Amino acid sequence: MAGSSTYPLVESIILPNDGIYGVAEPLLFSLRFNSNVFVGETTPQLPVEIGYRMRHADYLGGTGTNILNFALNVTPGDLDLDGISLGVVDSITGLRDFDFASSVLDVWGNQVGDFIPFFNTNNILVDAKGPEIVSYSDLTLQHNGIEPQVVLEINFDQNVHVSGVPLVPVQFGATPAFLTYKLGSGSKSLLFAVTVPESMGTSDIGFRKLTGQVIYLPEAANIKDQLGNSIELLGSNYNEILIEDGNKVVVLGAHYEYLETIKREALDQYMEDQKAWYLNGALIDPKKPVEPSNIKSYLRDYEIPPFTPAANDVDLYRIGFRSSIPEQNRFVTAYGIAGIPKTSSESLPVVSWEHQTSFSKKYAASQAFSYKLSDFEYGQTLSTRLKIAHYAGQGYAVISADQFGLGNSTENYAYQVKKSNQQASFDLYSKSLDLIKSLGKSSSDLFLAGWSGGGVTVMGFLEALESKGIKVQGASVAAGPWDQVMLMNSAIFTPRDGSDGNTPDASWLNFLLIYTAFSLSGYNEKASIPEDVLGKYYEAARKLYTGEYKEQKPSADQLGILVDGQYLPNQVGKILPEKYTSDPEAFTKSPYAQLLREASSGNIPLSSDVMMVYGGQDELMSPKLAAMLFERQSIGFGKENISLNIVDSANHRAAFLSMMDDSLDWFNAKLLPSVQPISISISSWDQWFLSFVLLGVARGWDSGFLKVLQLVLAMKADMDAF
């Protein structure tokens, strides 16, 4: 090194004062070097990790001295309640460093060292989420001796400050009206009210039915907490703020955003699109025509099921709703989608669809209808459109909750976070029942369905519903790895390479490791676990989890991916440190594996009917693993009302298609009354048949009823002949 045999290092760090920081106050840092340093042509930034998201403190000054000063302005929505971290995890050493590169130099122009000295940031916290609504009262009619008023009280988790005049949209009978903000700024409770006529009764007041329970913020209005953070606003299409009648919107309970009506022809096209999507993934060379010789050998015998054409149009609603994170005991704004069939039926059965692993926030169920055919995201959200077409097109109300962190949610992705996923699904189900009621209909049987990671969520949701005593008519799972430890053990210690002529493990298994490492650790406030599990691959993995990368592409050897140039292996066993891959017991006892166990489902007896569909050539779940999950319930708990269908030559997506086909008839059959022809006397037959016909009329004569009607008519003809 020119001019010196040593180079400057940071010998100490002057940190911000302990406390909680929001957008109103910057975090100030000073780095003290052991000699004078100079800023190079590139302005230095200090990397600061907040809740797994990388932020950068800006350089303030100090060049030519031994102290450089930095300031970080907090980004709205950031949250880190177990202490921020400094530096970037190096892709070679696996240790954190400053990553100055050539931005900080010594007096001879050499780069300074990136070594980070000891520091303690455990008590430097960030909370830029804004105030949380914890409850709100019923709309009440009060007589204060002067004029009657309709009053609403909204309670927050902390003192809030109001600017402008927020409004609450309501209706008095069929007439829309507003409650206006009256008082409470500086406290935890805000009061909204409006004067009404003397003749108004309690039955006349309510929130607007197809708007929901919300606060409107006109242009000059806002609600902030003591740290200067604004209250969270509802989003619309991806990364867009919802504007309704010129107002920004804050959700109290739920908000219903009508999107569009999907015609039957479009629903049928979604089903055809999904078939084409499957075939594209089954081809040896996607650039060549679809013909047997160009389909992977182990998939050639799979037959794509013929989907039933849609029987009705479907109205789509995006639902924003207030939910909570049980693991952290705080409230959040969440999203989901509802497909409501346009039928004459007064009562609608409900399918709660739990979505699969999402490789981008943009692929959320609530955003599936936001994209044009030419958008890349259109293809990535086909499965959501298929479930709407398949179930809602046959008369079912279909709902699907975004897992926290997807779509317009400001949280990190709650991938396989069991309690949070249970909460999101249950809250959307509750709010969807209100929507159905507002549309003048009622809800009947509840069914659950999910594919892949959504299959895990189905089983977790089923456990939660049964614990609440809520009847589930049937739960259908496609290729769901309920037991997360079992799946990871298989990926680490017995990977499939395809050398036996069968399917190899999916190249995207590394995402499952990465997502669970960050999500389970972050939501359970054990943020240090990903560094232990991912080592030198931490930074590339962190970018994938948060979406903070500029480029992702396959590596030249096709055995990994490059994330902003940093290599990440496809194979799970190549990512984990040797201390875990060389010793199965060490992995099983690791803090990460413990989180996986807590996130798993299907480990308790279940009473509801369950249908399992798995692929014989599934790149995620081998038939052996599927059988072990089945036997845990059927043999371990003596469960008889559970079935397992291993579909030969079906890969992961084909298992999804087969489950969709199988489940519709299965669901339809469970909607029908118990039919026992032998016990029906000739004299009562006509009365029974009339009741059946009336039930079919009420249900809109879906495909299940039509099939049974054919059988009934044949039986009736036989009875008449007799």
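What does the pLDDT of the protein chain average, and what percentage of the residues score at least 70? The chain averages a pLDDT of 90, and 92% of the residues score at least 70. Here pLDDT is the predictor's confidence in each residue, from 0 to 100. The model is predicted: local features need pLDDT of at least 70, side-chain atom pairs count only at pLDDT 80 or more, and totals for chains, interfaces and linings use all residues. Residues are numbered from 1 along each chain as its sequence is written, and side-chain values use heavy atoms, with hydrogens and water left out.

Residues 1–5 are one of them. Beyond near neighbours in sequence, this stretch has 9 contacts (heavy atoms within 4.5 Å) in the model. Residues 717–722 also score below 50, and that stretch has 2 such contacts. Where pLDDT is low, the predicted coordinates should not be read in detail.

Helices (H or I, at least four residues) and strands (E, at least two) are DSSP runs, numbered from the N terminus. Helix H7 covers residues 509–523. Its 15 residues should span 21 Å at 1.5 Å a residue, and its end C-alpha atoms are 21 Å apart, which agrees. The expected span is 1.5 Å times one less than the number of residues. Of the 15 residues of H7, 14 are buried, so the helix is largely enclosed by the rest of the structure. Buried means under 20% relative accessible area (1.4 Å probe, protein chains only), exposed over 50%, and partly exposed in between. Glu525 follows H7 and has a positive phi, near 55°.

Leu625, Ala626, Leu629, Gln633 and Ser634 are buried in H14. The buried residues of H14 pack against helix H6 (484–493), strand E35 (610–615) and strand E36 (642–647).

A nonpolar core is a set of buried Ala, Val, Leu, Ile, Met, Phe, Trp, Tyr and Cys residues joined through side-chain atoms within 4.5 Å. The largest has 138 residues; Tyr391 and Leu534 touch the most other members. Apart from it lies another core of 28 residues, including Val170 and Tyr181.

Three strands form an open, mixed sheet in the order E2-E13-E8. Strands E2 (19–21) and E8 (79–80) stand at the edges, each with a single partner strand, so one side of each lacks a neighbour in the sheet. Pairing requires at least two DSSP bridges between two strands. E8 pairs with E13 (residues 124–127) in the antiparallel sense over 2 bridges. Leu79 has Asp127 as its bridge partner in E13.
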